[in-house]
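Subject: Structure handover and findings

Hello,

Here is the structure I said I would pass on. My notes on it follow below.

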Amino acid sequence: MSEYKLGEWDLSELTKDPNSKEFQEKIQELEKQAKRFEKTKTKLDSKMSSKKFANILKELEEISEKMSKLGGYASLSYSANTQSDEATSLLTRMSKLGSQVSNMVLFFDLWWKTKIDNKNAKRLMQDSGELSHYLSHKRLFAKYSLSEPEEKIINTLDVTGISALVKLYDKITNAYEYKMKIGNRDKIMTREELTNYVRSTDPKIRERAYKTILNKYIENKGVIGEIYQNIVLNWKDEGIELRGYQSPISMRNIGNDVDDKTIESLLSVCRKNSNVFQKFFLQKAKMLKMKKLRRYDLYAPSTANIKEKNYQYNKSVKLVFESLGKFSDTLEEYARKVFNENHIDSSIRQGKRDGAFCSTLTPKITPYVLVNFTGKSRDVFTLAHELGHAVHSQAAQDRSILVQDAPLPLAETASTFSELLLYDNISSKISSDEKRIMLSEKIDDLYATILRQSFFTIFEIDAHEQIGNGTTVDEISKIYLQNLKEQFGTSVELSKDFEIEWSCIPHFYHTPFYCYAYSFGNLLALSLFQRYKKEGKDFAPAYISILAAGGSEKPEKLLSEYGFDIRSPKFWQEGFDYVNEQVNTLAKLQ
């Protein structure tokens with residue numbers, strides 16, 4: 001049997017050498033194809049045949065795949081080493097190329113959104129198969145589109161504007177070194193390594209670890225706060241002022257192909273159920289023999305008497321495979337492909353991007369997964385999470401690149417479902433004492449991925465409004481502290497240093513209003529998992545069909561076909577009812 005070892009991914013399937021003649025030829029080939037496509041502009045006619053329209057779409061797919069491979073290589077290389085000047089330079093070059101190619105094919109997008117009449121658009125969509133909904137969704141953007149010259153200006157300026165700001169934030173924060181006293185000596189760590197101490201059994205170490213992280217961001221709040229404000233103002237200026245979106249979050253919702261009311265319903269139910277987790281935090285304080293949790297103690301191990309188990313990487317990988325395989329051989333096979341093709345980067349290195357992600361470049365290429373594996377149980381769940389994303393992409397591998405990716409809210413469903421499968425598998429192998437600890441940790445995760453993420457989004461709504469009206473970094477921090485007070489009520493003791501925590505959250509910078517997708521995905525995954533527990537493996541084909549849809553259907557419509565009404569507050573409440581049951585089960589185990 002294979003033995004899996006920590007290491008770096010192999011990007012040679014994309015290119016063996018970015019400085020080679022072959023790589024330059026790929027760039028030239030893409031530029032030539034984009035220029036050829038540009039000539040299609042004079043031939044666009046609303047009365048064209050369905051066959052001619054299909055050929056245009058096919059050429060657009062080919063251009064998208066080629067650009068995704070080139071840009072993907074640059075992005076993955078940069079993530080593996082953000083301090084490399086060569087990787088940074090290549091990423092900048094490919095970003096510019098991506099902008100140029102986007103500008104060259106932009107005319108077709110604008111023609112489809114704004115120039116073609118509804119009757120002919122409907123005719124062409126009816127004959128477009130899996131791309132029908134994709135094309136229909138694009139028509140929704142018609143009233144938010146600008147003229148072609150204006151769109152080209154925005155695309156060009158984004159490279160040195162908002163994209164540059166995000167890259168600057170990454171470069172600054174990924175270069176941070178954290179010095180903390182461990183025992184009798186100072187230790188210099190990355191944020192990923194330091195985060196382990198946030199989960200220490202020693203409350204003093206937990207506090208010191210948090211303060212070490214937060215103080216670094218407090219020291220730099222001027223520059224990273226200014227970066228955030230400019231990103232938000234760019235979002236407002238382009239989205240609200242130029243394009244005419246109703247609100248900052250509406251831009252994300254329409255992009256995600258979900259209705260504003262669906263997300264309002266989700267956030268409202270999350271806000272209403274903060275007491276479910278407050279009840280858990282009071283229980284956890286008793287488990288830790290504390291009167292009340294401090295915010296520093298939120299992710300403390302559930303008992304100080306049992307040493308946290310360390311997981312070997314090889315065994316962890318096989319445990320995730322086993323968990324997926326118990327539900328579906330197909331899912332396990334998809335996960336194994338990531339390792340068989342060495343599309344995973346798992347070791348911890350200075351300069352490597354923090355956190356974890358899964359990157360799908362084209363339907364024909366197995367996704368790439370990045371994790372920072374330290375051997376803790378949460379790392380095993382992170383591995384399951386990211387492999388869930390890889391499974392989702394491969395389930396939709398027969399789709400066009402234009403519709404392979406599920407809309408953002410559905411994008412977190414398979415990742416969360418994989419974590420639930422892992423938990424279900426592990427919990428069946430452990431004692432009642434260990435189960436109590438693991439259940440507590442699972443509820444910790446449910447807090448982190450449901451309530452915390454929804455309150456992140458509520459903060460963003462408030463912060464975008466305040467920044468739009470003019471504000472300071474300190475005022476933004478006050479909004480965030482008030483947000484935390486609403487989440488925790490009187491169940492957790494809050495200290496003022498956490499008011500800067502918002503600036504530690506990369507999603508606020510990279511992808512505004514991304515975070516509700518976690519709440520959406522987790523609550524949906526809980527419903528899917530409950531269906532699985534009722535139906536057993538017979539549910540697997542339906543589940544895989546949901547994943548295989550990719551982005552070819554609107555989420556509300558796709559899920560209604562399987563009996564899930566995501567517009568209803570009742571649907572979201574069912575997820576919280578499950579969490580509440582787990583909290584009550586934990587109380588009985590104490």
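This is a predicted model: local features need pLDDT of at least 70, side-chain atom pairs count only at pLDDT 80 or more; totals for chains, interfaces and linings use all residues.

Beyond residues up to four places away in sequence, Ser 400 touches Glu 61, Glu 130, Leu 131 and Pro 363.

Ala 395 belongs to helix α16, which covers residues 377-395. Ala 395 is buried as well, with a relative accessible area of 14%. Leaving out residues up to four places away in sequence, Ala 395 touches Tyr 334, Ile 544, Leu 547 and Ala 548. Between the C-alpha atoms of Ala 395 and Thr 330 there are 8.8 Å, while the two residues are 65 apart along the chain.

The α14/α15 pair

Two packed helices are described by the angle between their axes and the distance between the axes. For helix α14 (residues 313-327) and helix α15 (residues 329-340), the axes come within 6 Å and cross at roughly 150 degrees. Angles over 145 degrees count as roughly antiparallel, so α14 is roughly antiparallel to α15. On the α14 side the contact is made by Tyr 313, Val 317, Phe 321, Leu 324, Gly 325 and Phe 327. On the α15 side it is made by Asp 329, Leu 331, Glu 332, Ala 335, Arg 336 and Phe 339. By type, the residues of this contact are eight nonpolar, one polar and three charged.

Asn 342 has a positive phi, near 50 degrees, and is not a glycine. Asn 342 is partly exposed, with a relative accessible area of 32%.

The nonpolar cores

Which residues have the most contacts inside the largest nonpolar core? They are Phe 339, Trp 502 and Tyr 543, in a core of 138 residues. Helix α19 (residues 432-469) gives the most to this core, with 14 residues. Apart from this core lies another, of 49 residues, which includes Met 48, Met 67, Met 94 and Met 125.

Phe 339 also takes part in the contact of α14 with α15.

Helix α18 (residues 413-427) has 15 residues and spans 21 Å from its first C-alpha to its last, close to the 21 Å expected at 1.5 Å a residue. Of those 15 residues, 14 are buried, so α18 is largely enclosed by the rest of the structure.

Lys 442 is placed in helix α19. Is this lysine buried or exposed? Lys 442 is buried, with a relative accessible area of 8%, and buried means under 20%. Its contacts, leaving aside neighbours within four places in sequence, are Glu 419, Leu 420 and Tyr 423.

α11

Helix α11 (residues 248-255) is mostly covered, with six of its eight residues buried. The buried ones are Ile 249, Ser 250, Met 251, Arg 252, Asn 253 and Ile 254. They pack against α5 (132-140), α10 (221-242), α12 (260-272), α17 (408-411), α19 and α22 (516-535). Just after α11, Asp 257 takes a positive phi of about 65 degrees.

Two other sites

Lys 289 lies in the loop between α13 (274-287) and β3 (293-294). Its phi is near 60 degrees, a positive value in a residue other than glycine. Lys 289 is exposed, with a relative accessible area of 72%.

Ile 162 is in helix α7 (residues 162-174) and is buried, with a relative accessible area of 17%. Leaving aside neighbours within four places in sequence, Ile 162 is in contact with Ile 231 and Asn 234. Ile 162 and Ser 99 are 63 residues apart in sequence, and their C-alpha atoms are 13 Å apart in space.

Regards

Note on methods: Residues are numbered from 1 along each chain as its sequence is written. Side-chain values use heavy atoms; hydrogens and water are left out. Helices (H or I, at least four residues) and strands (E, at least two) are DSSP runs, numbered from the N terminus. The expected span of a helix is 1.5 Å times one less than its number of residues. Buried means under 20% relative accessible area, exposed over 50%, partly exposed in between (1.4 Å probe, protein chains only). Axes are lines fitted to C-alpha atoms, for helices over the stretch in contact, and angles run from 0 to 180 degrees between N-to-C directions. Angles under 35 degrees count as roughly parallel, over 145 as roughly antiparallel, 65 to 115 as roughly perpendicular and the rest as oblique. Contact means heavy atoms within 4.5 Å. Ala, Val, Leu, Ile, Met, Phe, Trp, Tyr, Cys and Pro count as nonpolar, Asp, Glu, Lys and Arg as charged, and the others, Gly among them, as polar. A nonpolar core is a set of buried Ala, Val, Leu, Ile, Met, Phe, Trp, Tyr and Cys residues joined through side-chain atoms within 4.5 Å.
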